[in-house]
Amino acid sequence: NLNFHAGYDVEVVFETKDGKAITIKIEVKTEEHYWYSKTKNIGLDYISAFKFKNQTYKNKIRNQGNWVSPEELNEFKQNIIVKRDGKLYTCDADIQLFYCKLNETEAKFFAYCNECLKNLRTYFENHYPLRINDKASYDLNDTWESAAYFVNPEKCPELKKCEINSLDKLMECLWARRMM
């Protein structure tokens, strides 16, 4: 039972043989099956809530299919008001876990060291287009937008460096976090 303001979803506490507690904080993001099956991408939350400063610029982005190229990112930032940064900035977990249910018996999981992901923000800004989630197009009553980088975890070498795929990588991630 974590409060709403915790920067993570799950807290797991292990007790070592000598009685010490080790806590691992995990942020869990469920990926939409339709999108993942179609693109093989996961969404890295860059801005959780923002508004456009004017309708003209919002229409420009809509006309581009709600994508912002790396070359346009600075202009985009000048034309929005950020209400809440995304998990690439605000997540306080040790691990970001991405989960996609493929069918009744299969699921895909990707686990990443959170500090490593945060260190890749500039890389994503320079190498990937930013996708604007236009809430109105989904018939949602939200008055704000969000934005994420959609990255294929199987094909992005920088993202693979952050992947936790062994006990050694988990320990390395936890150790790095404790040293900060």
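Buried means under 20% relative accessible area, exposed means over 50%, and partly exposed lies in between (1.4 Å probe, protein chains only). The close-ups below come from a predicted model, in which local features need pLDDT of at least 70 and side-chain atom pairs count only at pLDDT 80 or more, while totals for chains, interfaces and linings use all residues. Residues are numbered from 1 along each chain as its sequence is written, and side-chain values use heavy atoms, with hydrogens and water left out.

**View 1. Lys-101 and Glu-104 form a salt bridge.** Such a bridge is a side-chain nitrogen of Lys or Arg within 4 Å of a carboxyl oxygen of Asp or Glu. Here the closest N and O atoms are 3.7 Å apart. Glu-104 counts as exposed because its relative accessibility is 69%, whereas Lys-101, at 38%, is partly exposed. The structure holds 11 salt bridges.

**View 2. A salt bridge joins Lys-108 to Glu-154.** The N to O distance is 3.6 Å. This pair links distant parts of the chain, 46 residues apart: Lys-108 is in strand β7 (residues 107-113), and Glu-154 is in the loop between β9 (145-151) and α7 (157-162). Helices (H or I, at least four residues) and strands (E, at least two) are DSSP runs, numbered from the N terminus. Both partners are worth checking for accessibility: Lys-108 is partly exposed at 29%, and Glu-154 is partly exposed at 43%.

**View 3. Lys-20 pairs with Asp-18 in a salt bridge.** Their closest N and O atoms are 4.0 Å apart. Lys-20 and Asp-18 are both exposed.

View 4. Helix α2 (residues 55-63) gives the most to the lining, with 3 residues.

**View 5. Asn-66 has a positive phi, near 65 degrees, in a residue other than glycine.** Look for Asn-66 in the loop between α2 and β4 (67-68). Asn-66 counts as buried because its relative accessibility is 11%.
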